[in-house]
Amino acid sequence: MFKRTTMFTMFVAATLFAVAAVAGSAAAQQSAATAELEDTDGNPVGTATFTEGPEGVVIDVVVESGVEPGEHGIHIHETGEIEPDFEAAGDHFNPTDAEHGFDNPEGPHAGDLENITVSEDGTANYQTVNDRIMLGEGENSILGGDGTALVIHDMPDDNVTDDDPETGPGMSGDRVAAGVIEADVAAATEVPDTGGPGLLAAAGLAFLAIGSILIVFLVRRSAA
Ligand SMILES: [Cu+2]
């Protein structure tokens, strides 16, 4: 009797594990966002993508044109709005009420990012990882509330000045390019379309788990 109860418990555990794995893979698939960057005249500048990685949100920024060569401050700002001008994006995204700058002992803001460098040909391929933000639900989510925006500035960020009356946090100056950060709906709808590799893996694992339990049970029974 005892063995049968144990077997049933293991069967339930394996089923729950499979369900959790499927739910987990679906949630992970929805963790992507994009921002279409434009200049102050509304011309396209490039694209930013945000994906959840093991060490935080991986941010990829591709600049095609519209930003001067050299080093520029780049941040996530606290409002998902860039109209009528980039000031609509508000201050830096800062849910923890920190000060600005990686080199500031009271910093950094969650939305602070390493400077981006645009090549002489006017393009940039930039990647950074930020573990102070998230795409899922939570206080540090860049997709919650009023949303957020990615902003590129005229000058490099000095990574320490909390605020400057003329040039703002980090003294990085005017906002030369920006885009609203939006959930990547295409990535989220891939799951029901295909079932996804996560679903197959979970089904396989559940099959293996239940199979092993049955084998153990049969071997024990024949030995008895
Ligand atoms: Cu900024």
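Analyst: Let's start at Ala-178. Setting aside its neighbours within four places in sequence, Ala-178 is in contact with Leu-37, Glu-38, Ile-82, Phe-86, Ala-89, Ala-149, Leu-150 and Val-151. Keep in mind that this is a predicted model, so everything here describes predicted coordinates.

Ala-178 belongs to the largest nonpolar core, which has 38 residues. Along with Phe-50, Leu-135, Ala-149, Leu-150 and Ile-181, Ala-178 is among the members that touch the most other members. Who supplies this core? At least two residues each come from S1 (32-39), S2 (44-53), S3 (56-63), S5 (74-77), S6 (116-118), S7 (124-130), S8 (148-153) and S9 (175-183). S9 gives the most, with 5 residues.

Now for S9 as a whole. Of its 9 residues, 7 are buried, so the strand is largely enclosed by the rest of the structure. For scale, buried residues make up 32% of the 224 residues in the chain.

What does S9 pair with? On one side there is S8, joined to S9 by 6 bridges and running antiparallel. Within that pairing, Thr-148 stands opposite Ile-181. S1 is also antiparallel to S9, with 4 bridges between them, and here Thr-34 has Glu-182 as its bridge partner. As a general point, side chains in a regular strand alternate between the two faces of the sheet.

The whole chain has 3 helices and 9 strands, and from the N terminus on its elements run α-β-β-β-β-β-β-β-β-β-α-α. Among contacts with a separation of 6 or more, 62% are between residues 24 or more positions apart.

The loop between S5 and S6 is worth a visit too. Phe-93 lies in this loop, and it counts as buried because it has 27 C-beta neighbours inside 10 Å. Leaving out neighbours within four places in sequence, the contacts of Phe-93 are Ile-76, His-77, Glu-78, His-109, Ala-110, Gly-111, Ile-142 and Thr-148. That last one, Thr-148, is the residue that stands opposite Ile-181 in S9. Phe-93 and Asp-112 are 19 residues apart along the chain, with their C-alpha atoms separated by 7.9 Å.

Asp-97 is in the loop between S5 and S6 as well, but with 7 C-beta neighbours inside 10 Å it counts as exposed. Its phi is positive, about 55°, although Asp-97 is not a glycine. The loop between S5 and S6 also holds Pro-84 and Pro-108. The peptide bond from Glu-83 to Pro-84 is cis, with omega near 5°, and a cis bond joins Gly-107 and Pro-108, with omega about -5°. Why flag these? Most residues other than glycine have a negative phi, and most peptide bonds are trans.

Met-171 has a positive phi of about 55° and is not a glycine. With 19 C-beta neighbours inside 10 Å, Met-171 counts as partly exposed; the cut-off for buried is 20 or more.

Last, a word on confidence. The chain averages a pLDDT of 85, and 71% of the residues score at least 70. Over residues 25-30 the pLDDT is below 50, although this stretch has 13 contacts in the model beyond near neighbours in sequence. Where pLDDT is low, the predicted coordinates should not be read in detail.

Key: Residues numbered from 1 in each chain as written. Predicted model: local features only at pLDDT ≥ 70, side-chain atom pairs only at ≥ 80, totals over all residues. Core = buried A, V, L, I, M, F, W, Y, C linked by C-beta atoms within 7 Å. Buried ≥ 20, exposed ≤ 12 C-beta atoms within 10 Å, placed from the backbone. Contact = placed C-beta atoms within 7 Å. Pairing = 2+ DSSP bridges. pLDDT = per-residue confidence, 0-100.
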